[in-house]
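Colleague: I have a new structure open and would like to go through it with you. Can we start from the top?

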Amino acid sequence: MSSSPSIVIIGTGFGGIGMASESTRAGIGDFVILERGGDVGGVWRENTYPGAERDVPSPLYSYSYSFEPNPSWSKRCAPQADCRATRRPNPSQDRLVAIARTESQE
Ligand SMILES: Cc1cc2nc3c(=O)[nH]c(=O)nc-3n(C[C@H](O)[C@H](O)[C@H](O)COP(=O)(O)OP(=O)(O)OC[C@H]3O[C@@H](n4cnc5c(N)ncnc54)[C@H](O)[C@@H]3O)c2cc1C
């Protein structure tokens, strides 16, 4: 990556990691990912209250990326821990998570 990336992606929720994944798949690697929080994860990093889970059944809502589907949800409406873990076991997303700059805000 150049010292002045042409794309700045804000946040590491599904939107940010999805944007980074799609940019990579399109052959665009000249981006930086900034995350103001201390870790990746978006809403599923923040919402850790007991019982936090999706309100849409996981099989209906494609809550994993279409190019790296997750067939292993622990229950119909996946709980917070599952949602947060989605990004972790996928090799291409692991790489993006690793280059995200946490505690960085635009
Ligand atoms: C309990 C719960 C259940 C849900 N269930 C469903 C469901 O069943 N179906 C459904 O479709 N949706 C559901 N949603 C909504 C869905 O999770 C969100 O719409 C989606 O995750 C949003 O992703 P995002 O990447 O746009 O934003 P976020 O996940 O909010 O990520 C944004 C990230 O950007 C970072 N950020 C923000 N501003 C800056 C800045 N200026 N500089 C740097 N970083 C910044 C934040 O720290 C955060 O990490 C649910 C949400 C919650 C909380």
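Colleague: How many helices and strands does the protein chain have?

Modeller: The protein chain has four helices and three strands. Helices (H or I, at least four residues) and strands (E, at least two) are DSSP runs, numbered from the N terminus. This is a predicted model, in which local features need pLDDT of at least 70 and side-chain atom pairs count only at pLDDT 80 or more, while totals for chains, interfaces and linings use all residues. Residues are numbered from 1 along each chain as its sequence is written.

Colleague: In what order do the elements run from the N terminus?

Modeller: The order in the protein chain is β-α-β-α-α-α-β.

Colleague: And the sheet, what is the strand order there?

Modeller: The three strands form an open sheet in the order β1-β2-β3, with parallel pairing. Two strands pair if DSSP finds at least two bridges between them. β1 (7-10) and β3 (101-102) each have a single partner strand and stand at the edges, so one side of each is left without a neighbour in the sheet.

Colleague: How many bridges join β1 to β2?

Modeller: Four bridges join β1 to β2, which covers residues 31-35. In this pairing, I7 stands opposite F31 of β2.

Colleague: Which strands does helix α1 touch?

Modeller: Helix α1 (residues 14-25) packs on the sheet and touches β1 and β2. Contact here is between two residues whose C-beta atoms, placed from the backbone, lie within 7 Å. The direction of α1 makes about 150° with that of β1. For such angles, axes are lines fitted to C-alpha atoms, for helices over the stretch in contact, and the angles run from 0 to 180 degrees between N-to-C directions.

Colleague: What span should α1 have?

Modeller: The expected span is 1.5 Å times one less than the number of residues. For the twelve residues of α1 that gives 16 Å, and the end C-alpha atoms are 16 Å apart, which agrees. Just after α1, G27 takes a positive phi of about 85°.

Colleague: Changing topic. Which residues come nearest to the ligand?

Modeller: They are G11, G13, G15, G42 and V56, out of 21 residues around the ligand. A residue counts as near a molecule if its C-beta atom, placed from the backbone, lies within 6 Å of it. The largest share of this shell, three residues, comes from α1.

Colleague: What kinds of residue are in the shell around the ligand?

Modeller: Seven are nonpolar, nine polar and five charged. Ala, Val, Leu, Ile, Met, Phe, Trp, Tyr, Cys and Pro count as nonpolar, Asp, Glu, Lys and Arg as charged, and the others, Gly among them, as polar.

Colleague: Back to β1. Which residues does I10 touch?

Modeller: Not counting residues up to four places away in sequence, I10 touches G16, L34 and E106. I10 is found in strand β1, and its C-alpha is 8.0 Å from that of Q105, 95 residues away in sequence. I10 is partly exposed, with 16 other C-beta atoms within 10 Å. A residue is buried if 20 or more other C-beta atoms, placed from the backbone, lie within 10 Å of its own, exposed if 12 or fewer, and partly exposed in between.

Colleague: What share of the protein chain counts as buried?

Modeller: Of its 106 residues, 21% count as buried.
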